[in-house]
Amino acid sequence: MKKYLHEIMSQIDGIHAVLITDRDGVPVLKAATESAPELALRPGFLTTVGMATDQAGKLGMGKSQRIACIYGKYQVIHFNRFPLMVSMIASSTANTGMLLGLEAELSSLVQDLKAAVDVI
Amino acid sequence: MGCCFSSDDDKNSQDGEPNERTTLLGNPVSSSSSRPTSEDYRRRISYPLSKKAEEAAHNRILRYVEANLIDISHMNSQLEQQEYLDRAHEYSHKIATTALAYTYLQKRPFVLVDLPAPEKGLAIIPIPWSDLKLLNNTCENVLNALQEIKVEHKEELVVQFEIH
């Protein structure tokens, strides 16, 4: 499965890491290159995003599905797949649209992992 | 300059005859029989709301508020290191042992799905440009020739069939 994630990462220039975590930031599946920022891989950062996603769903515009955060050097895209969270860390020059398009490719993998996490 | 005042006196209507002060619709404040009050509503309910129903209503309201309240005070709460490691280990063990259908790992061909070996067809040396030109010219000439075909008849096309 990590190999599959690495293959997906090779499709788009600039992706540094793809993480699938639970709501507490514990990684279920992780694939990262050496250029991925270490701070963004910590559970504290990922937990905050998970909580922000849940709270953003109360703003009256429906459930939050994706969050895209563009920073100076990096961009972080999160897909809300309760109880899991898919996070992609890429360079700020990477194609954001193509990163968002990866959701469809990751959906079957996330579905299988969801079944594994639910059993725990 | 002027003044206006009103009076609640009903002296003029005491004799019962309608005048300019008589209201058309009746007095909505003083008449008790025309409009039901909250007392009437309460009396209509023959039994009071039970405690259980009241509690259920309170719980429903609490749940609604809890679900819709935006609360960011617990954003900084984090797992302990040991619990984090235990859970990560549990997940990796579970994924390794669970038999997952790796259907997503099968690569789907992106082009030429109907050809069994597209790479062989693409590896062939292409037709030279002069041959393609020759083919195109020949086809054009054939089309032109077909359009120029005419039938010229010298005798009658329809002949009487005679029996002797």
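**A cavity, a patch and a cis bond**

The largest cavity holds about 30 Å³ of space. This comes from a predicted model, and the count stops at one cavity of 30 Å³ or more. Lining the largest cavity are A:F79, A:R81, A:V86, A:E103, A:L106, A:S107 and A:V110. Two elements of chain A, β4 (74–81) and α3 (96–119), each give two or more residues to that lining. The largest share belongs to α3(A), with four residues. Sorted by class, the lining of the largest cavity comes out as four nonpolar residues, two charged ones and one polar one.

Next, the surface. A nonpolar patch is made up of A:L59 and A:M61 from chain A together with B:I70 and B:I72 from chain B. Taken together, these residues have about 460 Å² of accessible area.

Back in chain A, the backbone has a cis peptide bond to note. The residues joined by it are A:F82 and A:P83, and omega there is about 0°. As for its setting, A:P83 is found in the loop between β4 and β5 (84–91) of chain A.

How values were computed:
Residues numbered from 1 in each chain as written. Chains lettered and ligands numbered in written order. Predicted model: local features only at pLDDT ≥ 70, side-chain atom pairs only at ≥ 80, totals over all residues. Heavy atoms only, no water. 1 Å grid on protein atoms, 1.4 Å probe; cavity = no way out; pocket = protein on both sides within 12 Å on 5 of 7 lines; lining within 4 Å. Points joined across faces, edges and corners; volume = space filled by probe spheres on them. Nonpolar A, V, L, I, M, F, W, Y, C, P; charged D, E, K, R; others polar. Patch = residues over 30% accessible without salt bridge, like charges linked within 9 Å, V, L, I, M, F, W, Y side chains within 5 Å. Areas by Shrake-Rupley, 256 points an atom, 1.4 Å probe, with all protein chains shown as cover. Salt bridge = Lys/Arg side-chain N within 4 Å of Asp/Glu carboxyl O.
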